[in-house]
Amino acid sequence: HPLSGGTHQRTFLAGTRDGFWVVRLESAPSVQLQRAWAAQEQAQAVGFPTPTLAAHHQTPTASSDYHWSVEEFVQGVEFDPPGFDDTMRPVIGRQVGEQLRKLHSIALPAFGLLPPAAADQAPTIAIWLANRQPHLERALPLAAHLSALPDRVAAALATLHTYSGTPRLCHGDFAGTN
């Protein structure tokens, strides 16, 4: 069954007599899936709770133009901070903060996306932001109906330009539902 919550239609829940599994499928070269595997391995190394990868296929063949992975299914609960009562919000916030600190403790060699797209990486945050500027300039007019967005983006960029630390692993999926 397709898993809801994403728009890519590449993630499925598979039930077997041994339990449930999450199956991810992506057309080769499957850059996003390869990045997900790399991040998952690094996160597990620092104790971040990550589902265990049971099997995967990373090498396309003449008979297959897809890469895939199968990982354990971990039953969760819908995360809705506004829906929590006032006594639970600080507890949940603290737990999420602790997990993000673990995730963000993972140092990376460069700024940008994880390999295999090395061209997206840069030695400093300023260089990476300069490379992303044309994409941002094209994207902002598409969201013109959100009048506060340019100011919010400008504030975020100003904060990023002052960052002087090392590159760190970041979740990076900033969809509104996340």
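This is a predicted model: local features need pLDDT of at least 70, side-chain atom pairs count only at pLDDT 80 or more; totals for chains, interfaces and linings use all residues.
Reader: In what order do the elements of the chain run from the N terminus on?

Author: Helices (H or I, at least four residues) and strands (E, at least two) are DSSP runs, numbered from the N terminus. The chain has 4 helices and 4 strands. From the N terminus on, their order is β-β-α-β-β-α-α-α.

Reader: How many bridges join strand E2 to E4?

Author: Two strands pair if DSSP finds at least two bridges between them. E4 covers residues 66–72 and E2 covers residues 19–27. The two strands run antiparallel, and the bridges that join them number 7.

Reader: Which residue in E4 is the bridge partner of Ala-55?

Author: Strand E3 (residues 53–57) pairs with E4 in the antiparallel sense, over 4 bridges. The partner of Ala-55 in E4 is Val-70.

Reader: Which residue's side chain meets that of Arg-24 in a salt bridge?

Author: A salt bridge places a side-chain nitrogen of Lys or Arg within 4 Å of a carboxyl oxygen of Asp or Glu, and the structure holds 1. It links distant parts of the chain, 47 residues apart, from Arg-24 in strand E2 to a residue in strand E4. With an N to O distance of 2.7 Å, the partner of Arg-24 is Glu-71.

Reader: Is Glu-71 buried or exposed?

Author: Buried means under 20% relative accessible area, exposed over 50%, and partly exposed in between (1.4 Å probe, protein chains only). Because its relative accessibility is 6%, Glu-71 counts as buried.

Reader: Which residues form the largest nonpolar core?

Author: A nonpolar core is a set of buried Ala, Val, Leu, Ile, Met, Phe, Trp, Tyr and Cys residues joined through side-chain atoms within 4.5 Å. In soluble globular proteins, nonpolar side chains tend to be buried together. The largest core here has 6 residues: Ala-43, Leu-103, Ile-106, Leu-108, Leu-114 and Leu-169.

Reader: With which residues is Ile-106 in contact, leaving aside its neighbours within four places in sequence?

Author: Contact means heavy atoms within 4.5 Å. Apart from those neighbours, Ile-106 is in contact with Gln-42, Ala-43, Val-46, Pro-167, Arg-168 and Leu-169.

Definitions and conventions: Residues are numbered from 1 along each chain as its sequence is written. Side-chain values use heavy atoms; hydrogens and water are left out.
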